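Here's a quick walk through some local features worth checking before you set anything up. Have the viewer open as you read.

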Amino acid sequence: GWRTLEVDKASALPVRCLRNEVVSTIPSVSNVILPLTEMTETTAKGSAIINPDGRETVTARGFVWNTTGNPTLSDQVVPMGSGTGTISGLISGLENGPTYYVKAFATNSVGTAYSEIATSFKICMPFTVIHRAGLNGAPVDKTVIYGSVSTKISGTDKCWITQNLGADRQASAVNDATESSSGWYWQFNRLQGYQHDGTTRTPGQVVAPWVSPINDASSWTAANDPCTQLLGNGWRIPTNTEWASTIASPQNWKNAADAYASVLKLHGAGDLTSTGALNVRGVNSNYWSSTMYLNVSQGYYFTNSRTTYNEKSVGLPLRCLQDEVVKRLPSVSNVLIPSETITATLADATATVTNSGGAAVTSRGLVWNTTGNPGMSDQVIPLGTGIGDITGTLKGLDEKSVYYVRAFATNSIGTAFSPLVASFKVCLPFTITHTAGLNGVPVDKTVNYKTVSTTYSGEARCWIAQNLGSDGQATAANDGSEASAGWYFQYNRLQGFKHDGTTRTPNDPLVPWLSMIQEAQQWLPANDPC
């Protein structure tokens with residue numbers, strides 16, 4: 001009376017198995033595991049398991065890899081002996097940039113088996129960037145070691161920095177409210193970054209005015225992308241689509257704690273309001289995307305576990321990702337010529353090669369001339385290779401010429417120069433013995449005048465660094481002493497007057513004080529006390 005019964009195919013039932021004969025098959029091979037902590041600049045350590053279910057002896061095993069996907073034995077092979085069990089070894093000859101695909105393989109008399117899925121990854125290593133205030137939007141001088149990690153969190157393999165742009169370090173908790181972990185803040189599609197120490201925004205309104213409102217029909221351009229300009233090497237701001245992928249499956253972030261628990265360690269760095277004031281640091285995890293919202297005054301951003309939009313005039317922190325290494329010219333700061341290093345024939349000039357551009361800096365140094373806009377065809381001072389600070393000495397100078405200086409750095413792409421040309425003159429201290437009655441001098445006095453080279457007036461000029469007739473520089477902005485005040489002059493008049501706080505000198509009928517001067521002329525050279 002035994003019989004079979006019908007049942008709905010959607011039902012789940014147990015199974016009994018049978019075998020007619022022994023059949024050998026290819027081995028079974030697990031997917032490859034590549035711990036991020038085991039990666040170096042050129043290697044990745046992988047592991048996999050060769051299961052003993054093919055019945056035939058495994059005569060060869062190992063890893064295969066390439067940069068195009070679905071690697072086989074026709075690609076790069078890392079042989080690892082024979083037999084079953086766990087295999088572990090290094091994949092070598094790697095570099096920052098490509099996406100690598102790896103499978104394990106095992107071969108027996110039946111054939112070769114591969115991992116079911118190719119494990120993909122990128123080489124993402126810590127890197128150092130020298131930020132200089134005013135160069136590519138950096139608000140302050142700072143050298144930062146950025147951590148980076150390879151992750152598919154945005155949908156495909158990318159390198160992400162693991163701290164905010166401009167931050168000294170990774171956040172220690174989701175509510176870390178320190179300035180050192182928050183990094184810098186940017187308005188949408190603006191290169192200028194702002195640091196906020198909790199009290200003061202840097203740069204201030206005079207140096208870099210806060211823009212509000214912002215109404216432009218543009219997403220973030222590469223020329224204004226702080227990730228691109230400050231980090232180079234193909235780094236950029238994530239798109240709104242990429243941010244949306246971070247919260248989708250398999251991450252499934254539900255709140256700020258989930259975002260912080262990820263490999264990105266996103267935390268509540270807060271923001272700057274549309275007026276530039278610090279807001280909710282330690283609370284809001286808000287980060288710009290590079291994508292404009294439909295409204296020209298708004299842009300998309302990521303917050304905790306969703307993407308939404310905000311006014312472009314708000315300042316938010318940035319996280320950067322990298323698709324591939326994009327080589328470009330190095331970044332070179334403007335040149336500084338400290339006045340205290342200038343002598344009658346020498347001057348020291350300093351600058352910084354802040355970024356290699358993704359290719360080794362093979363030469364760097366200073367170029368200078370006396371005609372303006374110096375290049376490699378002018379005077380060249382070679383100062384080694386690589387990124388970092390450089391200092392060189394200009395020699396054979398005189399007090400007559402204006403000198404123009406730029407720094408340079410060369411990599412395989414070409415040669416980059418300082419954005420601005422620095423200019424200066426040789427300005428040396430000098431001593432004048434003033435005699436009362438001669439050329440308008442009010443009293444006998446010997447004065448040591450300090451001078452300084454500055455472009456305050458638009459061009460490089462020597463200025464005395466104290467008032468005419470003063471014994472020395474003022475000690476403070478409100479220094480009221482006669483010694484620092486020097487002498488006083490009426491317009492277009494050669495005669496100078498000293499005042500000790502009580503008496504004006506000279507003060508006699510032979511040198512009258514003019515109570516009204518009305519004349520249609522500039523100061524004549526014959527009357528110029530200088």
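Start in the loop between strand E25 (363–369) and strand E26 (379–382), where you'll find Asn373. This residue isn't a glycine, yet its phi is positive, at about 50°. Asn373 also counts as exposed, at 54% relative accessibility. Keep in mind that this is a predicted model.

Asn70 is another non-glycine with a positive phi of about 50°; look for it in the loop between strand E3 (60–66) and strand E4 (76–79). For context, most residues other than glycine have a negative phi, and most peptide bonds are trans.

On the peptide-bond side, Ser212 and Pro213 are joined in cis, with omega at about 0°. Pro213 sits in the loop between strand E15 (201–202) and helix H2 (226–231). The bond from Thr505 to Pro506 is cis too, with omega near -5°, and Pro506 belongs to the segment after strand E37 (504–505).

## Disulfides

How many disulfides turn up in a search of the whole structure? There are 3, and with the bonded cysteines numbered in sequence order, they pair 1-2, 3-4, 5-6.

Cys124 bonds to Cys159 with an S to S distance of 1.8 Å, and the link is left-handed, at -85° about the S-S bond. It connects distant parts of the chain, 35 residues apart: Cys124 in the loop between strand E8 (119–122) and strand E9 (127–131), and Cys159 in strand E12 (residues 158–161). Cys124 is buried at 11% relative accessible area, and Cys159 is buried at 1%.

Next comes Cys227 to Cys320, at 2.0 Å S to S. Because Cys227 lies in helix H2 and Cys320 in the loop between strand E21 (306–311) and strand E22 (321–322), this pair ties together parts 93 residues apart in sequence. Cys227 is buried, with a relative accessible area of 0%, and Cys320 is buried at 0%.

## Around strand E34

The remaining bond joins Cys427 to Cys462, at 1.9 Å S to S. Its S-S torsion is about -90°, so the disulfide is left-handed. Cys427 is buried at 8%, whereas Cys462 is partly exposed at 37% relative accessibility. Cys530 is in no disulfide; its nearest cysteine sulfur, that of Cys462, is 13 Å away. At 84% relative accessibility, Cys530 counts as exposed.

Ile464 also lies in strand E34 (residues 461–464) and is partly exposed at 32%. Together with Phe430 and Ile432, Ile464 forms a nonpolar surface patch with about 210 Å² of accessible area.

Notes: Residues numbered from 1 in each chain as written. Predicted model: local features only at pLDDT ≥ 70, side-chain atom pairs only at ≥ 80, totals over all residues. Heavy atoms only, no water. Patch = residues over 30% accessible without salt bridge, like charges linked within 9 Å, V, L, I, M, F, W, Y side chains within 5 Å. Areas by Shrake-Rupley, 256 points an atom, 1.4 Å probe, with all protein chains shown as cover. Salt bridge = Lys/Arg side-chain N within 4 Å of Asp/Glu carboxyl O. Helix = DSSP H or I, 4+ residues; strand = E, 2+ residues; numbered from the N terminus. Buried < 20%, exposed > 50% of the residue type's maximum accessible area, 1.4 Å probe, protein only. Disulfide = S-S within 2.5 Å.
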